[in-house]
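Here are some notes to read alongside the structure. Keep the model open and go through the points in order.

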Amino acid sequence: MGFRNLQTFLFFLLLMLLGLSAPLSAAEGKRLALVVGNSAYTATTPLANAAADARAFAAFLKENGFEVDSLINVDRAGFARGLSTFSKKIGPADTALFYFAGHGMQLKGENFLLGLDAELLSEFDVDAEAIALNSIWSGKPRSRFFSSMLVAIIRSPTG
């Protein structure tokens, strides 16, 4: 499947997820997206394609009417600032999409996303070094619809 075909597939998948078979009018709110792509990890294995995939998906979303905030190769602090900035933009009539490509992990049934600088020497480091996925989802009540796409997540950041 060529990249253009993949773009088309992803867009139609996105439309199905968001229930947006017709364009939104201004009264129905904005289409907002936060796209995060981390490839250049320093404390674990770098990822070859995550940042490039995020850039391509962000461009695709922009071409299709989304206002996109992109975070490419960000550490935990930059990731948290980007999430905070994005969450403040979301209004009750808006549709919000979160896309992440990079390392992630699960601990005791909870999922976490990693910034470039995450150093996880034990399970006690996770809260300080990673972003809890449920904290991202908890920001959704302000929007009409919130969807997330998580891709290229590697379960074990150390292996």
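This is a predicted model: local features need pLDDT of at least 70, side-chain atom pairs count only at pLDDT 80 or more; totals for chains, interfaces and linings use all residues.

1. Residues are numbered from 1 along each chain as its sequence is written, and side-chain values use heavy atoms, leaving out hydrogens and water.

2. Now the layout. The protein chain has five helices and seven strands, and from the N terminus on they run α-β-α-β-α-β-β-β-α-β-α-β. Helices (H or I, at least four residues) and strands (E, at least two) are DSSP runs, numbered from the N terminus. Among contacts between residues at least 6 apart in sequence, 71% join residues at least 24 apart; a contact means heavy atoms within 4.5 Å.

3. Have a look at strand E3 (residues 95–101). Seven of its seven residues are buried, so E3 is largely enclosed by the rest of the structure. Both faces are covered, with Thr95, Leu97, Tyr99 and Ala101 on one side and Ala96, Phe98 and Phe100 on the other.

4. Which strands does E1 pair with? Strand E1 (residues 31–37) pairs with E3 in the parallel sense over seven bridges, and six bridges join E1 to E2, again running parallel. Two strands pair if DSSP finds at least two bridges between them.

5. On to the largest nonpolar core, which has 38 residues; Val35, Val36, Leu61, Phe79 and Phe98 touch the most other members. E1, helix H2 (50–63), strand E2 (67–72), helix H3 (76–89), E3, strand E5 (110–114), strand E6 (130–132) and helix H5 (133–137) each supply at least two residues of this core. A nonpolar core is a set of buried Ala, Val, Leu, Ile, Met, Phe, Trp, Tyr and Cys residues joined through side-chain atoms within 4.5 Å. Not counting residues up to four places away in sequence, valine 36 touches Ala54, Leu71, Val74, Phe79, Phe98, Tyr99, Phe100 and Ala101.

6. H2 deserves a glance. Its buried residues include Ala50, Ala54, Phe57 and Leu61. An α-helix has 3.6 residues a turn, so residues three or four places apart point the same way. H2 is followed by glycine 65, whose phi is positive, near 90 degrees.

7. There is also an open sheet of three strands in the order E4-E5-E6, with antiparallel pairing. Strand E4 (104–107) and E6 stand at the edges with a single partner strand each, so one side of each is left without a neighbour in the sheet. The twist averages 35 degrees from one strand to the next. E4 and E5 pair over four bridges, and glutamine 106 stands opposite asparagine 111 in E5.

8. Finally, some loop residues. Most residues other than glycine have a negative phi. Asparagine 73, in the loop between E2 and H3, has a positive phi near 50 degrees and counts as partly exposed at 29% relative accessibility. Lysine 108, in the loop between E4 and E5, has a positive phi of about 50 degrees and counts as exposed at 71%.

9. Aspartate 75 is also in the loop between E2 and H3 and is partly exposed, with a relative accessible area of 32%. Leaving aside neighbours within four places in sequence, aspartate 75 is in contact with Gly115, Leu116 and Asp117.

Methods
Buried means under 20% relative accessible area, exposed over 50%, partly exposed in between (1.4 Å probe, protein chains only). Axes are lines fitted to C-alpha atoms, for helices over the stretch in contact, and angles run from 0 to 180 degrees between N-to-C directions.
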